[in-house]
Amino acid sequence: MNNSAANGKRRGRPRSFDREAGLDSAIQVFWAKGYEATSIDDLTQRMGIKPPSLYAAFGNKHDLFMQSLDRYAETIGHTPTNAFLDETDLRRAIKALFDKTIQCATMPRKPRGCLLVSVATQMAETDPEVQAWMSRAYAARVSLVAERVAAEQKTGRISKTPDAASFAKMVVSITHGLVARARVGSSRKEISDLAENYVDLLVPPSV
């Protein structure tokens with residue numbers, strides 16, 4: 001084989017691209033700058049690819065954002081849920097959910113808040129696709145918490161008022177509020193103290 005042929009084969013080899021790493025990089029850009037303020041140049045520079053490669057791998061900017069939401073929900077966004085599921089006691093489970101939410105919203109060298117509450121919630125006001133995604137995510141989190149609450153109510157360990165679904169909606173809404181506090185600059189300690197008060201109100205220590 002001559003040199004030109006060999007060089008041609010080398011040039012024709014596709015460069016490997018880590019799709020998940022690319023999405024993780026896109027998440028950081030969208031999270032820090034918001035959707036509208038994020039440009040294709042911002043994304044390609046952070047992801048280390050050229051615009052044609054971005055479009056080929058992910059579609060347009062909106063497509064990439066939707067895939068970033070999925071990736072975020074599977075990784076950082078799922079951490080609080082895992083903490084909740086790891087605890088068998090409801091009070092400890094809610095505390096773990098709040099604590100991990102606060103940790104995720106105040107990570108060093110990461111944007112404050114959360115991609116969902118800080119960015120996607122605003123987009124949902126005018127973007128039907130994001131609105132539908134957020135509605136599904138909210139319903140799934142409420143259902144998960146409500147299932148645990150209903151089991152506790154059935155055994156009589158906690159009051160049946162409010163009902164499990166309403167209780168779960170309060171819990172999830174509180175997590176959104178904690179993230180919002182982080183976004184506007186509240187310290188981790190300040191938010192954690194607030195979360196402790198919420199836990200005491202939802203499931204008093206004597207329960």
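User: Let's start with the largest nonpolar core. Which of its residues touch the most other members?

Analyst: The general idea is that in soluble globular proteins, nonpolar side chains tend to be buried together. In this predicted model, the largest nonpolar core has 55 residues, and the ones touching the most other members are Leu-43, Leu-64, Phe-65, Ile-94, Phe-98 and Leu-115. As for where the core comes from, helix 10 (residues 164-183) gives the largest share, nine residues.

User: Say I pick Phe-65. What is Phe-65 in contact with, leaving aside its neighbours within four places in sequence?

Analyst: Phe-65 contacts Phe-30, Tyr-35, Leu-115, Val-119, Ala-120, Met-123 and Val-130. One of these, Leu-115, is also on that list of residues touching the most other core members.

User: Now Ala-93. Does it count as buried or exposed?

Analyst: The cut-off for buried is under 20% relative accessible area. Ala-93 counts as buried because its relative accessibility is 0%. Ala-93 sits in helix 7 (residues 90-105), and, not counting residues up to four places away in sequence, Ala-93 touches Phe-84, Glu-87 and Arg-148.

User: And how many Å separate the C-alpha atoms of Ala-93 and Gly-156?

Analyst: That's 17 Å, with the two residues 63 apart along the chain.

User: Last one: with which side chain does the side chain of Gln-67 make a polar contact?

Analyst: For a polar contact, look for a pair of N or O atoms within 3.5 Å. Here the partner is the side chain of Arg-19, at 2.3 Å. Gln-67 belongs to helix 5 (residues 61-74). Beyond its neighbours within four places in sequence, Gln-67 is in contact with Leu-23, Ala-57 and Phe-58 as well as Arg-19.

Terms used: Residues are numbered from 1 along each chain as its sequence is written. This is a predicted model: local features need pLDDT of at least 70, side-chain atom pairs count only at pLDDT 80 or more; totals for chains, interfaces and linings use all residues. Side-chain values use heavy atoms; hydrogens and water are left out. A nonpolar core is a set of buried Ala, Val, Leu, Ile, Met, Phe, Trp, Tyr and Cys residues joined through side-chain atoms within 4.5 Å. Buried means under 20% relative accessible area, exposed over 50%, partly exposed in between (1.4 Å probe, protein chains only). Helices (H or I, at least four residues) and strands (E, at least two) are DSSP runs, numbered from the N terminus. Contact means heavy atoms within 4.5 Å. A polar contact is a pair of N or O atoms within 3.5 Å; within protein, one must be able to donate a hydrogen and the other to accept it, and residues adjacent in sequence count only if both atoms are side-chain atoms.
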